[in-house]
Structure formats: C-alpha cells, structure tokens
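Have the structure open while you read, and go through the points in any order you like.

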Amino acid sequence: TAVGNADDFGRAIAVQDDDRIVVAGTCNTGNDDFCVVRYLLDGTPDPSFGGTGKVTAAIRTGVDQASSVALDGDGNVVVAGFSRSGSKDELALARFLPNGTLDASFDGDGKLTTAIGTLADQARAVAIDGNDRIVVAGYTLTASNRDLALARYLGNGALDTSFSSDGKVALPIGTGDDEAAAIATQPDGKIVVGGYAADGSQHDVL
C-alpha cells in the first residue's frame, strides 16, 4: 500500500476485535512521519479510517519513525517510535481514534515526545496494560553505550509518576549495548521486556 510520496515501511501489526488489521510504520511525506493503515477483511484499506484507510502524523518537524502499535480498550490505535529534533531523538507516541483522527484528549493534540537521557532515546515496543496505561520500551543512549529504557503513561498522556517516581526507567543490563525489542504486560501489571544485551564480543537474548 502506497501512503506517502516516497518510501513507506510497515513496522508493526495489530488485529482489532472485529478482525480489521492495523499496520503502523513510517511513511515519507517530505519527511519521515508516523503512518497507520487499516484494512478490511478482504485486504482493502478501510475508508472509515481517515477517509482512505490511511493516515499520517508528523510528531515534530524532523524525522519521525514508528516501530510499534497497540490497541487500547476503546479501540484507539497507539503508535510508538521516535521523533528527531536537530540531532536529538526522543521517545514518541501518537494515539488515533477509531476513525483515524488524532485523539486530542491525549496530551492535548494526540502526540507527545519524552526524553529519557540527554543524547538519544528510541521506542521499539508498546503495550497497553489492564488499566489502559501505555508502556513503552526501547533504549537510551549514554556516553558509552545504549541502555534499556522504559516509560509508562496514563490514559491522558501524562507520565505515570507511580512508576519509578517520574514514569521513566533507564537500566543497564550487560557491559555493552542493551536494547528492548518487545514488551508485554501481565494481569498483575508486571512488565515483561525482551530484546538483547551485549557483553564483550557477543549479544545475548534479554
């Protein structure tokens, strides 16, 4: 499915309760932007989603790349990735209503960015827990390597200060780069993260 006017990449997929398929990724509309396509059961884009089945969202004025998607209990589409401003990447989130418009009840305009460290932060995975809190995992870049990064948000887009006092966690695992690639939440609210950790000359499953 062509979305922008150059390269378009699907990065993640979710299936709604009615079996419509939601694909999120990065589409070039002059810059790289978040994009979502929703398909009907016959594989055609769903015109009830954004009028054409396809929507894009610029998070900021630079490069915005989405890598993960989740559906909340209200049928909203939550997309996570990163947004670049100048040379700094930050975690980025956007939430779309079931009709494809950005949800203005989420941080005022449907999108937000979060800095974990001072150099670069990217989200690789997103999940919704049983309380409709949004949990994002990825990495934060330190002066020496990448460390595991997590952030948890309330339904209105605010960081959840009951999670590590400020809603954010940076965690070194190995002696080299550590990066989350997948996330899930348990019924008791615990967060399970998968990815890799580097120790010396090799990478290990995290």
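Does S165 count as buried or exposed? S165 counts as exposed, at 61% relative accessibility; the cut-offs here are under 20% relative accessible area for buried, over 50% for exposed and partly exposed in between, with a 1.4 Å probe and protein chains only.

1. Ground rules. This is a predicted model, so local features need pLDDT of at least 70 and side-chain atom pairs count only at pLDDT 80 or more, while totals for chains, interfaces and linings use all residues. Residues are numbered from 1 along each chain as its sequence is written, and side-chain values use heavy atoms, with hydrogens and water left out.

2. Overall build. The protein chain has 15 strands and 0 helices; these are DSSP runs numbered from the N terminus, with helices being H or I of at least four residues and strands E of at least two. The radius of gyration is 17 Å, close to the 17 Å from the globule rule for 206 residues, so the chain is as compact as a globular protein of that length. That radius is taken over C-alpha atoms, and the globule rule is 2.2 Å times the number of residues to the power 0.38. Along the principal axes, the C-alpha atoms fill a box of roughly 50 × 40 × 30 Å.

3. Of the 206 residues, 45% are buried. The chain exposes about 9200 Å², and carbon and sulfur atoms supply 50% of that; the areas come from the Shrake-Rupley method with a 1.4 Å probe, and for residues only the protein chains shown count as cover. Among contacts with a separation of 6 or more, 43% are between residues 24 or more positions apart, where contact means heavy atoms within 4.5 Å.

4. Charges. There are 15 positive and 29 negative charges, and their mean positions are 2 Å apart. Lys and Arg count as positive, Asp and Glu as negative, and His and the chain ends are not counted. Each charge is placed at NZ of Lys, CZ of Arg, CG of Asp or CD of Glu.

5. Two positive phi values. Back to S165: its phi is positive, about 70°, although it is not a glycine. S165 sits in the loop between β11 (146–153) and β12 (168–171). D19 also has a positive phi, near 75°, in a residue other than glycine. You'll find D19 in the loop between β1 (8–15) and β2 (21–28), and it counts as partly exposed at 44% relative accessibility.

6. D89 is in strand β7 (residues 88–96) and is buried, with a relative accessible area of 5%. What does its side chain make a polar contact with? The partner is the side chain of R84, at 2.6 Å; a polar contact is a pair of N or O atoms within 3.5 Å, and within protein one must be able to donate a hydrogen and the other to accept it, with residues adjacent in sequence counting only if both atoms are side-chain atoms. Not counting residues up to four places away in sequence, D89 touches F82, S83, R84, L119, A120, D121 and Q122.

7. S67 and A123. S67 belongs to strand β5 (residues 64–71) and is buried at 18% relative accessibility. Its side chain reaches the backbone oxygen of A123 at 2.9 Å. Beyond four places in sequence, the contacts of S67 include R11, A12, A80, G81 and R124.

8. Two asparagines in loops. N31 lies in the loop between β2 and β3 (32–39) and is partly exposed, at 35% relative accessibility. A polar atom of the N31 side chain is 3.0 Å from the backbone oxygen of T61. N76 is in the loop between β5 and β6 (77–85), but here the residue is buried, with a relative accessible area of 6%. Leaving out residues up to four places away in sequence, N76 touches A70, L71, R95, F96, L97, P98 and D103.

9. I183 and its neighbours. I183 is part of strand β13 (residues 178–185) and is buried at 13% relative accessibility. Setting aside residues within four places in sequence, its contacts include A125, V126, V135, L150 and I191. G194 is 11 residues from I183 in sequence, and their C-alpha atoms are 6.2 Å apart.
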